[in-house]
Structure formats: C-alpha cells, structure tokens
Amino acid sequence: MLIAMTRPISPKMGQCELTYLPRVEIDIELACAQHREYEKTLEALGCSIVHLSAEPELPDSVFVEDTALVLDEVALITRPGAESRRLETESVAKRLGEYRELIFIQPPGTLDGGDVLRIGKTIYVGSSSRSNASGINQILTVLARFGYRIVTVPVGECLHLKSAVTQVGHSTLLINRRLVVTDYFPEMDFIEVADEEPLAANTLLIGNQLICSASFPRTRERLEARGIGVRCIDVSELEKAEGAITCCSLIFDSLQ
Ligand code: CIR
C-alpha cells in the first residue's frame, strides 16, 4: 500500500522561511482548503493518507518532505538546513519508526528532503543553501550499503534540487536548465519548463499520473504534448511560502 504522510498547515505559516521570494500575505484558510484538495488528489491516485500531528508553532511544518527520505530499506531523518525547521523532524521520526529502521543525519550535516531526487537506485542530491557537504557525505555512506549510487548536483538560484528538476516519466525529467545542468542526468530525456514559468519543474509522479501546479499552464501544455497525463491542483498559497507540490508529503510503500 502506498502511504502519503502529510501534516496540517500551521496557522503561523505566514512566518515561514523565505529564501528567494518576497514575503506576501498568505490566506491561511485558502491554504488549508488547497491542502485538503492536495490530500484528496493523493487519495484519488491510490495513496492512503497518514496524518502527522499538527505542529502549530512551527510555521513550515506542512512541508514534511524536507524532514525525511524514505526508501524501502531504511528511512533517513534529515537535519533541515533552516534552524527554525529542525524541531519538525521529531514527530516525523516517531511516526516513520512504525514503518522503517531510522537513521539520523548528524551535525554538522544539513539536508532537506527537497534536495533529494531518487530515480531507481540512483539518488541525486542537490548541493544547495540547505544541504551541505557533510549531510551529503552522510547519505552517501549510509546508503552505499543498500546499493544506492549518490550523485551530487550543484543547484543554482532556487531553494532545492526539486525546484529545478523532477521525474515526469520512466526516463524523462522536467527541468529548468537555467537552474541545473542536464549533464548530471546522462541517461534521461528532458522536457523544459516554459521560459515564463521558471518554478514549474516541481511535480509529483505517482504511478503514471503526474500532479502539477495550476500556476504553470504553459508547462502543462508541454507535458501534455509529450503524452504525459497531468492533474493540476491549485497550491497558490503554499507557493507564497516557497513550497511546491512534492514538499507537502512523504510518499512510500508501507511494505505491509
Ligand atoms: C522553507 O523555506 O523551508 C519553506 N518555506 C519551504 C519549503 C519547501 N520545501 C520543499 O519544496 N521541499
């Protein structure tokens, strides 16, 4: 069974971390409605939702992707790059411990799940303002024993690796070439985001269905033109917090 772990939006999301975007007012009620639609979409695609307990005092706590990397063999609990986010991992670890053996990234390592793109047994890790060399080395050491290959990918002017590139088909990536270099993915085909939609690369592939943000219609056209089935959802309020589609869930097989 496919699990999607999610967490409700904090009423303090307006005080979230921001790196590349200016702060604008977030309509929390609308954000919660959009988050419910997000969960419904995951359910429609076959996921069973596991609700983490709310963390109302932690503004970014809805963005659970950054707190862990869940593989079939093990779950890695991250140490998020933003100090304000470190407490988010505690409750995630408690819940994930029901499904997997846990390994914790240790200081001085930092790692955000948004920097991790897994394609089969290859794990691409963004070297970003959130994920440092120590964090990446720790992943490498821990996951080598499960047969994973780690590729470090420098990330340009964006928050995470998956702000710049995600998988949209078996061997196809949606990419913004101005933010990440294609040479790191030699065996893959590429679809480029539309020029006027630089943040459109973040999508979530579940089975052969792709969840995309309704904010990027030109990029959607490009995906559909390549025969990729797309479900668009409105996550405008989460985007104001520099969040995107992948960051609101941890998706994994329950193996039960
Ligand atoms: C942050 O800056 O940490 C949050 N405001 C947004 C995190 C988004 N996470 C993600 O895309 N994986």
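Author: Start with the charges. This is a predicted model, and its chain carries 25 positive and 36 negative charges.

The chain has 6 helices and 15 strands. Its C-alpha atoms fill a box of roughly 45 × 40 × 40 Å along the principal axes. With 256 residues, a compact globule would have a radius of gyration near 18 Å. The chain has 17 Å, which agrees. Buried residues make up 55% of the chain. Now take the contacts with a separation of 6 or more. Residues 24 or more positions apart account for 69% of them.

Now the part you asked about. A search of the whole structure finds 2 aromatic pairs. One joins Tyr 99 and Phe 252. Their ring centres are 5.2 Å apart, and their planes stand at 70 degrees. Planes over 60 degrees apart count as edge-to-face, so this pair is edge-to-face. The two residues come from distant parts of the chain. Tyr 99 is in the loop between α2 and β5, while Phe 252 is in strand β15. They are 153 residues apart. Both Tyr 99 and Phe 252 are buried.

The other pair is Tyr 124 and Phe 185. Here the centres are 4.6 Å apart and the planes make 50 degrees, a tilted arrangement. This pair also links distant parts of the chain. Tyr 124 belongs to strand β7, residues 122-127. Phe 185 lies in the loop between β10 (172-175) and β11 (189-192). The separation is 61 residues. Tyr 124 has 6% relative accessibility, so it counts as buried. Phe 185 has 1%, so it counts as buried as well.

Go back to helix α2, which spans residues 88-96. The loop that holds Tyr 99 runs between this helix and β5. The buried residues of α2 are Glu 88, Thr 89, Ser 91, Val 92, Ala 93 and Leu 96. An α-helix has 3.6 residues a turn, so residues three or four places apart point the same way. What covers the buried residues of α2? Among the cover are β1 (2-6), β3 (68-70), β4 (75-77), β5 (102-104) and β15 (250-253). Strand β15 is also where Phe 252 sits.

How values were computed. Residues numbered from 1 in each chain as written. Predicted model: local features only at pLDDT ≥ 70, side-chain atom pairs only at ≥ 80, totals over all residues. Heavy atoms only, no water. Helix = DSSP H or I, 4+ residues; strand = E, 2+ residues; numbered from the N terminus. Rg over C-alpha atoms; globule rule 2.2 N^0.38 Å. Buried < 20%, exposed > 50% of the residue type's maximum accessible area, 1.4 Å probe, protein only. Contact = heavy atoms within 4.5 Å. Lys, Arg positive; Asp, Glu negative; His and termini not counted. Charge placed at Lys NZ, Arg CZ, Asp CG, Glu CD. Phe/Tyr/Trp six-rings, centres within 6.5 Å; stacked < 30°, edge-to-face > 60°.
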